[in-house]
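User: I should like to discuss the reasoning behind the terms applied to this structure. Please set each value against its criterion.

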Amino acid sequence: MSVQSQTQSQEPILDVRSVSKRFGGVEALKEVSMALYPGEVVALAGDNGAGKSTLIKTISGVHGADGGEIRFAGEAVRFATPEAARAHGIETIYQDLALADNLTIGANIFLGREPMRRAFGFLPVLDRPAMAKAAKETMARLDFHVNRLDAPVGRFSGGQRQAVAIGRAIYWNARVLIMDEPTAALGVPEQRKVVSLIQNLKAQGRAIIFISHNLQDIFAVADRIVVLRRGMLAGERKISETNPDEIVKLMVGG
Amino acid sequence: MSAQTSTESRADPTKSRSRQLILRIAALRAWLFLAILLVFFETWSRISYGQTFLFSSYNAQSIAIFAVAPLLLALGSTFVIISGGIDLSIGFIMGLAAVIAAHATNLAGQSLPPFAAMLVGITAGLVVALGPGFVNGVLISKLKVPPFIGTLGMFGVARGVAFLLAGGTTVPVANSWFASLGNGRVFGFPVVVIITILFVLLMHYLLSQTRFGQHTYAIGANEQAAIRSGINVPRHIRKLYLLSALCAGLGGVLYAARFTAGAAQAGEPLLLDSIAAVVIGGASLFGGSGTILGTVAGALVIAVIQYGLVFINVEPFWQFVAVGVVIIISVLVDQTQRKLGGDR
């Protein structure tokens with residue numbers, strides 16, 4: 001990769017090589033390549049219809065690629081479903097967060113794979129204390145110190161809910177997090193919180209792809225920017241070597 | 001607020017505390033209704049008749065027996081409504097089960113001793129009830145028919161079949177064991193009430209302590225989230241409508257035992273009462289909330305209104321008015337609660 005420098009010695013955790021995807025006659029992705037290294041934050045930028053969503057859906061197993069290959073931790077992979085991608089440690093956090101608002105943080109983290117314990121030595125019941133404990137610890141790792149572990153997540157603010165969705169991903173050992181517009185629906189203080197959340201994840205060695213329209217957020221948190229335009233790679237820049245004007249030019253093709 | 005992002009208005013601790021209090025009271029509204037009603041009837045009874053209302057074991061047992069049938073239907077509906085669905089077919093599934101149980105008990109009685117014949121009748125009633133429940137589940141989960149329409153269709157089918165099988169009349173049961181199941185007592189408690197209490201405990205466990213219950217809440221709040229968490233949502237929905245039909249089937253079997261007769265129209269007036277019990281009990285028809293204990297309180301509220309108004313000699317038609325008013329108040333409280341709770 002041309003602009004990758006600080007982790008040259010490392011293998012990329014995720015390596016997308018000349019991936020193409022067409023829907024009928026529309027070429028949504030044309031031989032797009034990008035790499036992602038552990039502990040790195042890559043922002044995916046581009047105008048509407050540039051192929052950002054198609055690219056992350058191809059990586060996360062929603063769509064199959066029509067051409068090219070995706071390598072994860074050095075091995076060629078082909079995910080048939082999002083579950084398969086998740087089992088490898090690629091977690092996608094969509095804008096709607098996919099939280100059950102009526103359940104606690106712990107219940108959301110464990111949804112679909114709840115731990116059980118035996119009450120009175122025989123009766124299997126949900127292990128709520130274990131879920132609450134895991135929730136508290138996981139949220140603490142994200143620097144969110146939550147005491148109301150019995151409150152449904154619907155009562156929390158937007159940024160906190162974002163943290164819960166991220167917490168669920170990291171509890172299950174996601175190595176690559178794909179975040180779709182994580183700051184879009186938030187107020188300014190909450191946006192700052194999410195930015196610091198991403199920096200925190202980066203420090204833990206996780207790799208992050210995040211889609212954003214907000215150049216301010218991108219420059220605050222990303223190491224590199226990959227710009228797509230009309231399904232093709234329009235350019236790739238290190239944050240330290242570019243500026244917002246250049247990125248906008250890449251996005252609109254000026 | 002405990003997290004660090006406490007920058008919005010919600011973070012005000014005093015506001016938050018009174019809000020918590022209001023939410024807690026709202027969650028218990030069915031029990032509050034029940035307490036108010038009991039105090040009202042108790043006072044009235046003491047002033048007008050000079051005797052107790054609640055502390056008479058005759059009254060208490062009558063109310064409990066009154067509450068049994070709508071409560072059994074409501075238990076299954078609690079799960080369905082929490083998942084965001086509705087089951088309109090339960091009233092006639094109950095009637096169908098009652099007719100089948102009566103026929104099967106009589107038929108088996110020709111060759112089997114009464115106790116075995118009763119068991120055959122109960123089993124037949126419960127198994128046949130699962131049929132329409134299964135069809136409901138397939139319609140809703142596989143063919144994506146809206147629950148309201150799909151179960152309305154089964155409402156008609158079960159109704160017609162039940163009346164056809166009963167020959168348009170009631171089917172009397174001649175079986176001493178069956179009669180004592182419906183009318184007998186153990187340690188002074190009616191058997192039907194004991195069975196219902198055991199069933200309530202089982203359903204409470206299922207809803208509040210198991211993955212099945214947890215997934216039911218999740219589907220009601222956010223079906224997409226449930227799917228993305230790897231929950232097999234269509235299969236879960238099929239189980240929910242089977243459970244609802246099983247509860248209705250049990251209601252039908254106990255009805256046949258209590259009146260020693262199966263009747264197709266057994267559950268007809270109970271459908272709306274049971275849904276009312278669930279809603280008064282704190283469930284939202286939008287899905288995502290509700291509890292078994294709330295539903296129990298809701299069923300008791302309706303039973304107390306119905307029995308109490310007769311007890312104080314009010315024209316029985318006022319029951320409908322009173323239950324209707326309680327439902328409306330309950331839904332208003334639910335909406336306020338949603339607003340305060342910040343639930344989306």
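User: What is the average pLDDT of chain A, and which stretch falls below 50?

Analyst: The model is predicted, and chain A averages a pLDDT of 88, with 96% of the residues scoring at least 70. Residues 1–7 of chain A have a pLDDT below 50. In the model this stretch has ten contacts beyond near neighbours in sequence. Where pLDDT is low, the predicted coordinates should not be read in detail.

User: What does the record place at residues 14–250 of chain A?

Analyst: UniProt places the feature "domain: ABC transporter" there, in an unreviewed entry. Over residues 14–250 of chain A, the chain is 33% helix and 30% strand. The end C-alpha atoms of that range are 24 Å apart.

User: What makes S2 and S5 of chain A edge strands?

Analyst: The order of this open sheet is S2-S1-S4-S5 (chain A), and its pairing is antiparallel. Strand S2 (26–36) and strand S5 (75–77) of chain A each have a single partner strand, so one side of each lacks a neighbour in the sheet. Neighbouring strands of this sheet are turned by 30° against each other on average, direction ignored.

User: How do you know that S1 and S4 of chain A are paired?

Analyst: Pairing requires at least two bridges between the strands. Strand S1 (residues 14–23) and strand S4 (residues 67–72) of chain A are joined by five bridges and run antiparallel. Arg17(A) has Glu69(A) as its bridge partner in S4(A), and Asp15(A) has Arg71(A).

User: How do you know which strands close the sides of the six-stranded sheet in chain A?

Analyst: This open sheet has the order S6-S9-S10-S3-S11-S12 (chain A), with mixed pairing. Strand S6 (90–93) and strand S12 (232–238) of chain A stand at its edges; each has a single partner strand, so one side of each is left without a neighbour in the sheet. From one strand to the next, the twist averages 20°.

User: How do S3 and S11 of chain A run, and which helices pack on the sheet?

Analyst: Strand S3 (residues 41–46) and strand S11 (residues 224–229) of chain A run parallel and are joined by five bridges. Leu44(A) stands opposite Val226(A) in S11(A). Helix H5 (residues 158–171) of chain A packs on the sheet, touching S6 and strand S9 (176–180) of chain A, with its direction at about 170° to that of S6(A). Helix H8 (residues 244–252) of chain A also packs on the sheet. The strands it touches are S3, S11 and S12 of chain A, and its direction makes about 25° with that of S11(A).

User: What makes S7 and S8 of chain A a pair?

Analyst: The criterion is at least two bridges. Strand S7 (residues 116–119) and strand S8 (residues 123–126) of chain A have four bridges between them and run antiparallel. Met116(A) stands opposite Leu126(A) in S8(A). Three residues lie between the strands of this hairpin, in which Phe120(A) takes a positive phi near 55°.

User: Why are H4(B) and H12(B) called oblique to each other?

Analyst: Helix H4 (residues 90–109) and helix H12 (residues 270–280) of chain B pack at about 125°, with their axes 8 Å apart. Roughly perpendicular covers 65 to 115 degrees and roughly antiparallel begins over 145, so H4(B) and H12(B) are oblique to each other. Ile90(B), Gly91(B) and Met94(B) in H4(B) meet Leu270(B), Leu271(B) and Ser274(B) in H12(B). These contact residues comprise four nonpolar, two polar and no charged.

User: Where do H8(B) and H9(B) meet, and at what angle do they cross?

Analyst: The axes of helix H8 (residues 191–209) and helix H9 (residues 211–221) of chain B come within 5 Å and cross at roughly 65°. Leu206(B), Leu207(B), Ser208(B) and Gln209(B) of H8(B) make the contact with Phe212(B), Gly213(B) and Thr216(B) of H9(B). Of the residues in the contact of H8(B) with H9(B), three are nonpolar, four polar and none charged.

Conventions. Residues are numbered from 1 along each chain as its sequence is written. Chains are lettered from A and ligands numbered from 1 in the order in which they are written. This is a predicted model: local features need pLDDT of at least 70, side-chain atom pairs count only at pLDDT 80 or more; totals for chains, interfaces and linings use all residues. UniProt positions are given in the numbering used here, feature names are shortened, and annotations may be inferred rather than shown by experiment. Helices (H or I, at least four residues) and strands (E, at least two) are DSSP runs, numbered from the N terminus. Axes are lines fitted to C-alpha atoms, for helices over the stretch in contact, and angles run from 0 to 180 degrees between N-to-C directions. Angles under 35 degrees count as roughly parallel, over 145 as roughly antiparallel, 65 to 115 as roughly perpendicular and the rest as oblique. Two residues are in contact if their C-beta atoms, placed from the backbone, lie within 7 Å. Ala, Val, Leu, Ile, Met, Phe, Trp, Tyr, Cys and Pro count as nonpolar, Asp, Glu, Lys and Arg as charged, and the others, Gly among them, as polar. pLDDT is the predictor's confidence in each residue, from 0 to 100.
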